[in-house]
Amino acid sequence: MDYIKLGNSDISVSRFCLGCMSFGDPASKMHAWTLNPTESESIIKHALDLGINFIDTANIYSAGTSEEYVGRAIKNNIARDKVILATKVYFNPGNLSKNAIETEINGSLKRLGTDYVDLYIIHRFDYNTPIEETIEALHNLVKAGKVRALGASAMYGYQFFNMQLAAEQNGWTKFVSMQNHYNLLYREDERELIPICKQFNVSLTPYSPLAAGRLARSQWHTDTLRSQTDKTAVDKYDSTEKTDMGIVERVSEIAEKHHASMTQIALAWQFAKGITAPIIGATQTKYLDDAVGALQVSLSQDDIDYLQALYIPHRIVGAI
């Protein structure tokens, strides 16, 4: 496994981040395909064995049970200071208000069974709370030792720029990472958000790098429980199936050329685009083994151009 610094922080993360939306009690009614505590721990342990030290969850994943499962698995398998633990705040009462942030971090820490998180991510931009209130509240968490570094997630470029500017002007903690929606089927952030992140040396840790599996197989549809029940993924991708299937076919072609899997090609493209650590969700250990193999794949510029050539503009999916 390779490791890299997270933005301007002193935090070193693996080139893959384990996404934990797949873990949690399905009775929470968030997703029908989430794994129970034992299954979740098995995936987390395997990720750790592969050298993946970066783990990402959120306060809302399966009504907080994802955080509980993650915290339990970490306690059972690795020293706390050997893992980089991230969680998120926004989809909760009060969104990113000062009171909400203070309440939600304490809830997350309790569920995770830890005194601090390494990376605290705002899950979206809050239109109803002044930027200064949010940034100062986050800065205070860093001063209090509850959070080591700050990250942001899907939003518009101007919003992220204004948040970084507010932190800079007031001497508050700036963001070091951006968890945005980015893959070969969705590249809208190349227009503004990604260049702004590069300007601030903010690490890119995109979610959905495989487009909910659509870049990992030659057929658009499959009969897995997630494919049959994941309405969020359907909303993200299926309206553009007709135009995007050509990109999927090209991923398959390049995979054959490199004697690699489609997953590895889609992820190798991410690394070629300067991504720090794509977020990989997995319900089986073999998916992690496959993903890690992307580090051994080197795409030529011709490969990259061929993969990107059929892309057409998409509606915004991610930023609110």
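In what order do the strands of the open sheet of 8 strands lie? The legends below begin with this sheet. The model is predicted: local features need pLDDT of at least 70, side-chain atom pairs count only at pLDDT 80 or more, and totals for chains, interfaces and linings use all residues. Residues are numbered from 1 along each chain as its sequence is written, and side-chain values use heavy atoms, with hydrogens and water left out.

Figure 1. The strands follow the order β9-β8-β7-β6-β5-β4-β3-β10, with parallel pairing. Strands (E, at least two residues) and helices (H or I, at least four residues) are DSSP runs, numbered from the N terminus. Two strands pair if DSSP finds at least two bridges between them. The edge strands, β9 and β10 (279–281), each pair on one side only.

**Figure 2. Strands β6 and β7, with helix α5 on the sheet.** Over 5 bridges, β6 (residues 117–122) pairs in the parallel sense with β7 (residues 147–153). Val117 has Val147 in β7 as its bridge partner. Helix α5 packs on the sheet and touches β6, β7 and β8 (175–179); contact means heavy atoms within 4.5 Å. The direction of α5 makes about 165° with that of β8, where axes are lines fitted to C-alpha atoms, for helices over the stretch in contact, and angles run from 0 to 180 degrees between N-to-C directions.

**Figure 3. Packing of helices α3 and α4.** Helix α3 (residues 98–112) packs against α4 (residues 131–144) at an angle of about 30°, and their axes are 9 Å apart. This angle makes the two helices roughly parallel (under 35 degrees; over 145 is roughly antiparallel, 65 to 115 roughly perpendicular and the rest oblique). Lys98, Ile101 and Ile105 of α3 form the contact with Glu133, Thr134, Ala137, Leu138 and Leu141 of α4.

**Figure 4. Packing of helices α4 and α5.** The axes of α4 and α5 (residues 157–170) lie 10 Å apart at an angle of about 60°; the two helices are therefore oblique to each other. From α4, Ile131, Glu132, Thr134 and Ile135 meet Asn162, Met163, Ala166 and Ala167 of α5.

**Figure 5. Ala211 and Ala212 in the loop between β9 and α7.** Ala211 lies between β9 (203–204) and α7 (225–229), and Ala212 is found in the loop between these elements. Although not a glycine, Ala211 has a positive phi of about 55°; Ala212, also not a glycine, has a positive phi of about 55°. Ala211 is buried, with a relative accessible area of 0% (buried is under 20%, exposed over 50% and partly exposed in between, with a 1.4 Å probe and protein chains only).
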